[in-house]
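Trainee: Please take me through one part of this model closely. I would like to look at the place where the two chains meet, and then at what lies around it.

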Amino acid sequence: MSKRKRPDSNAPSDSLTDHERLIYDVIRSNKQDMGIWTRDMKRELKVNLPDNIVTKSIKSLQNKSLIKEVVNIHNKGKKHLMAVEFEPSKEISGGAWYSEGSLDTEFIKVVKSQCLKQIIKLKVATLEGISDSIKRSGAFKVDLTKQQIEEIVRAVVLDNQIMEVKSNGSGEFTNIPVGKVCYKNVSKGGGGGEPKTGSSASVPCGVCPQINFCTPDGVISPKTCVYYTKWLDF
Amino acid sequence: MLTEYGTKHAVHVITNHFGDLVAKVCECLLRKGPLTRQNVKRYTELSDEQVKNALLVLIQQNCVQAFTTEQPDGFADGPKANTQYVVLFDNILHRVRFAKFLTILSQEFDQQCVELVQGLLEHGRLTLKQMFDRAKSSEKEGNLVDLDSLRETLVKLVTAHYVERCPASEPLLMPISEEEGPARKKGSKSAKKIGEPETIEQQVVEAALPMEAMRFSVVTNVESDVGEKEKNSNNVTPGEKRKHDVLELDECGVADEQSVVYRANFEGFIRRLRHKGCIDHVRAHLDDGAANVLSAMLQATSSAEKKVKTKNSVPLSLSSIYEEVIKSEAGRNMTLDHVRASLVQLGELSFVDASSDSYSIDFEKIIEIAQNEEVESVVSKRYGRDAYRIFRLLSKSGRLLETDKISDTTFVEKKDAPKILYKLWKDGYLLMEKLVVTGARQSQFLLWKVNRQILWKHVLDEMFHAALNLSLRVSYELDREKELLNLPADKRTGPLQDRYNRIRKVRILLESSQMKLDDAILLFHDF
């Protein structure tokens, strides 16, 4: 008798070995978007499978595009396995700003730059205004959610490139309800990304990582200080 | 309470200006607090004569103030007065700022005013006659000094509150009753806010001050047969400490011009520097127009300021502000609309409060923003941009935040955020709290916070440390090249000239850096 594939709405089109089926079921039955850590998955298997069988089965399932490996942002050593049809939750992947377990710094930089550009263009902008403006510009293939825009705008405030103000309903705030939070470009000082160097930071001691170990006559002292020597090297 | 490097810096200043002996007495008072002469002698192990001379120098130079307190005595002859000495830390700090004070004067007054105050700063305190003798000794041909014009100069400076009469030599410090409490002292100029107790230094300074009208008045009549007033204030009856200025009215009620002593009023200069700092800050954040408007508001309201650390200026209407703006050359080109627009800009940053068509400067806000920027600049340069964003987040939020929340909001890698937070905490920039949550599993969370009060004190101590280091390095560099500096110019050839050029540049850089750092110290300590 030849083996015939049984029609099963949940079964994949390719055939799976018994071991692969076992592992695949455990992975799929787990919290779908959380996936399962490899070690936990081994524990949940009803039969004790040798490690090499498990590893071979996982590889096979991956090659058959049935499962995928997702890096856990909280612990990069812990690989999570999940069925391909699910997207990893923010808790595992880190969210829209993470890619393969690390911050997608290029993408973040681009979004920040776009937000800043729109704010400068609009002069005074609400979150909705920035979001609409970015959508209209077509700068991104995917639509960024309002929450994502808000997260980025808050980070640009922390970079001191824009400031948060409240509308007073008049002048440049006409058309914006009184009290609504808006954003404006910082005209001077922090503009350009670098904070203005303060008085304290313009001398070596002000930015010295060894200041707590420095004493007037100690091993580290103003007379022996290498940062001073470099600073005074005319 | 003084920080360690605040004390070290002050002692170093006194050592540079007056030598080791005076510095030893000063350090003793700084570390131990107010002491009697006997106790100073005991702690410093100096002779009676040495202690006395050191104290006289410090008093003359306004770095120490004597005061008396009542010691309850078991015997029938009543309570005994006992003289103690307290160091005036702020006045020691002012000693490195004399050049700044003279620059302010030179912008507002003529050369004779500048020279008069220069004399007061050099000698600590002078009578009119002493000022005249000093001016006479450096008289130039064709520029003769006469007493009347000198007196006029003095009146100008006293009216502008840059010079004042010296305080009482030994005011009686009344013990504060339990009901009153140190924080509720009425009319107290020096208590920073309600609830913050005055230090002994502040109490003594206030007790010694003459009444406002007397403090800023110049005696102009000369009565040569009037006897000199008793210098000893032990006869002062309790409750009348302020009325007895030992250097003023004698029993006949006529002041002796020859005996009234004057000194530079540091408060007046610091107030002016505070205004200047605010104007510069506004210029850096906005533009010249806004700076002109702020400057005009200060011009119109500064005489109403009762103390250096005033929170808000007296409210002004738009028309009063405009009238003042167009008085200056810089403001003459500004229209009313331009002034109004600048006020809106200033209001947006909360530098100016606008209500019911009147405008008032919020000094506290301007200074708070300037202080934040100063600290953020240090964090950025010392710990990097990620740390800068983290610090700004915690500083703005003012409350405890968990590590993950911080890394998410600031877009710092989850593995990097804990390292940065730990470094900031270890160096005293953040507070940390551990939170243990017991549930299915026990989890530990770390929470972080910026505590401004603690951090500002730490930052100021680091500034004093930096100031001390700059001073030590200047001395070290100049000492190393002492012989070269004493060499006549024609003997400085080849490599010697190169070294000479280097030491000149080094000196200029270090000394200008000292002045720039002092601006930051002013921002955190005096403004």
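Mentor: Start with charge. The rule finds three salt bridges across the interface of chain A and chain B. A salt bridge here is a side-chain nitrogen of Lys or Arg within 4 Å of a carboxyl oxygen of Asp or Glu. Side chains of opposite charge can pair when their charged atoms come close.

Some ground rules. This is a predicted model, in which local features need pLDDT of at least 70 and side-chain atom pairs count only at pLDDT 80 or more, while totals for chains, interfaces and linings use all residues. Residues are numbered from 1 along each chain as its sequence is written, chains are lettered from A and ligands numbered from 1 in the order in which they are written, and side-chain values use heavy atoms, with hydrogens and water left out.

Take Lys184(A) first. Lys184(A) forms a salt bridge with Glu348(B), with 2.6 Å between the closest N and O atoms. Lys184(A) sits in strand E8 of chain A (residues 181-185) and Glu348(B) in helix H15 of chain B (residues 336-348), so the pair joins two chains. Helices (H or I, at least four residues) and strands (E, at least two) are DSSP runs, numbered from the N terminus. Lys184(A) and Glu348(B) are both buried. Buried means under 20% relative accessible area, exposed means over 50%, and partly exposed is in between (1.4 Å probe, protein chains only).

Now Arg385(B). Its side chain meets that of Asp159(A) in a salt bridge, 3.2 Å from N to O. A network of salt bridges links Arg385(B) and Asp159(A) with Lys112(A), Asp386(B) and Arg389(B).

Next, the extent of the interface. In chain A, 55 residues are in contact with 51 residues of chain B. Contact means heavy atoms within 4.5 Å. The two chains bury about 4,500 Å² between them, and 59% of this is on carbon and sulfur atoms. Buried area is the accessible area (1.4 Å probe) that two parts lose on being put together, summed over both. Leu158(A), Leu232(A) and Phe234(A) supply 15% of the area that chain A buries against chain B, more than any other three residues.

Compare salt bridges within one chain. Over all chains the count by this rule is 46. In chain B, the side chains of Arg473(B) and Glu477(B) meet at 3.0 Å, N to O. Both lie in helix H20 of chain B, four residues apart, about one turn of the helix. Arg473(B) and Glu477(B) are both buried. In chain A, Asp217(A) forms a salt bridge with Lys223(A), the closest N and O atoms being 3.7 Å apart. Asp217(A) counts as exposed, at 69% relative accessibility. Lys223(A) is partly exposed, at 35%.

Now the nonpolar side. The largest nonpolar core has 143 residues. Such a core is a set of buried Ala, Val, Leu, Ile, Met, Phe, Trp, Tyr and Cys residues joined through side-chain atoms within 4.5 Å. Leu294(B), Leu343(B), Leu346(B) and Tyr429(B) have the most contacts inside this core. Helix H20 of chain B (residues 452-480) gives the most to it, with 12 residues. Another core, of 23 residues, lies apart from it, and its members include Trp97(A), Tyr98(A), Ile108(A) and Val157(A).

Leaving aside neighbours within four places in sequence, its contacts include Val375(B), Phe391(B), Leu455(B) and Glu462(B). For residues 375-441 of chain B, an unreviewed UniProt entry carries the annotation "domain: DNA-directed RNA polymerase III subunit RPC3 winged-helix". UniProt positions are given in the numbering used here, feature names are shortened, and annotations may be inferred rather than shown by experiment. The span is 60% helix and 15% strand, and its end C-alpha atoms lie 40 Å apart.

Strands come next. In chain B, strand E11 (residues 431-438) and strand E12 (residues 442-449) pair in the antiparallel sense over eight bridges. Two strands pair if DSSP finds at least two bridges between them. E11(B) and E12(B) form a hairpin, with three residues between them. Lys434(B) has Leu446(B) in E12(B) as its bridge partner.

Last, the chain B totals. Chain B has 22 helices and 12 strands. Of its 527 residues, 48% are buried.
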